[in-house]
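Here is a friendly walk through the model for someone meeting it today. Please keep the sequence and the structure side by side as you read the points.

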Amino acid sequence: MKTQVWRESVQALEIRAAMIHGPSKYPIGVRRRFHLRQRNGTCVYPQNIHSEQLVRRRDQKEVVQWVEQELNPKHVGSSESDSSDQSSRSTNAEGESRS
């Protein structure tokens, strides 16, 4: 019963992704919002036909905030490679570890 009430009270859903592209140390993000209708089952409709791309400098703070506050990463470093598994060791083409 509680699940039914919760499901019926949800009216919208936002999907977000944050990433670092190539050699850039600045994050970029994308988000898309959907509306949910609860009539004879759940139907999902996009708010817009486009996903919003967050690539401008002013968007960077928001994207960093998603990662730092909402996703709670296990490893936080001072640069984009500090918490990467590859920063402490590397592998050759055969997948053998080199230190």
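1. Let us begin with Glu70, which lies in helix H2 (residues 57–70); helices here are DSSP runs of H or I with at least four residues, strands are runs of E with at least two, and both are numbered from the N terminus. Glu70 is partly exposed, at a relative accessible area of 47%. On this scale, buried means under 20% relative accessible area, exposed means over 50%, and partly exposed is in between, with a 1.4 Å probe and protein chains only. Leaving aside residues up to four places away in sequence, Glu70 touches Arg16 and Gln65, where a contact means heavy atoms within 4.5 Å.

2. A word on what you are looking at: this is a predicted model, in which local features need pLDDT of at least 70 and side-chain atom pairs count only at pLDDT 80 or more, while totals for chains, interfaces and linings use all residues. Residues are numbered from 1 along each chain as its sequence is written, and side-chain values use heavy atoms, with hydrogens and water left out.

3. How far does the predictor trust the chain? The score to read is pLDDT, the predictor's confidence in each residue, from 0 to 100. Its mean over the chain is 75, and 63% of the residues reach 70 or more. Confidence is highest in strand S4 (residues 52–54), at a mean of 92, and lowest in strand S5 (residues 90–91), at 44. Over residues 85–93 pLDDT stays under 50, and the model has 11 contacts beyond four places in sequence for them.

4. Now the overall layout. The chain has two helices and six strands, and along the sequence they follow the pattern α-β-β-β-β-α-β-β. Of its 99 residues, 10% count as buried. Among contacts between residues at least 6 apart in sequence, 30% join residues at least 24 apart.

5. Strands pair if DSSP finds at least two bridges between them. Strand S1 (residues 12–20) and strand S2 (residues 27–38) run antiparallel and are joined by nine bridges, with Leu13 opposite Phe34 in S2. Six residues lie between the strands of this hairpin, and Gly22 takes a positive phi near 50° there.

6. S2 also pairs with strand S3 (residues 42–46), antiparallel and through five bridges. Arg37 stands opposite Cys43 in S3, and Phe34 stands opposite Pro46 in S3. The S2 and S3 hairpin has three residues between its strands, and Asn40 in the turn has a positive phi of about 50°. S2 has three bridges to S4 as well, again antiparallel, and here Gly29 stands opposite Leu54 in S4.

7. Take a closer look at Pro46, which is found in strand S3. Pro46 is partly exposed, with a relative accessible area of 40%. Not counting residues up to four places away in sequence, Pro46 touches Arg32, Arg33 and Phe34. Pro46 and Arg32 are 14 residues apart in sequence, and their C-alpha atoms are 7.6 Å apart in space.

8. Is Arg31 buried or exposed? Arg31 has its place in strand S2, and it counts as buried because its relative accessible area is 17%. Its side chain makes polar contacts with two side chains: Glu52 at 2.7 Å and Glu62 at 2.5 Å. A polar contact is a pair of N or O atoms within 3.5 Å; within protein, one must be able to donate a hydrogen and the other to accept it, and residues adjacent in sequence count only if both atoms are side-chain atoms. Beyond four places in sequence, the residues that Arg31 touches include Glu14, Ile15, Ser51 and Trp66.

9. Finally, the rings. Which ring does the charged end of Arg37 sit over? The ring is that of Tyr45, with its centre 4.5 Å away. The charged end of Arg57 sits over the ring of Tyr26, 5.4 Å from its centre. A charge sits over a ring if NZ of Lys or CZ of Arg is within 6 Å of the ring centre and within 35 degrees of the ring normal. A search of the whole structure for aromatic pairs finds zero; for such a pair, the ring centres of Phe, Tyr or Trp (its six-membered ring) must lie within 6.5 Å, with planes under 30 degrees apart counted as stacked, over 60 as edge-to-face and the rest as tilted.
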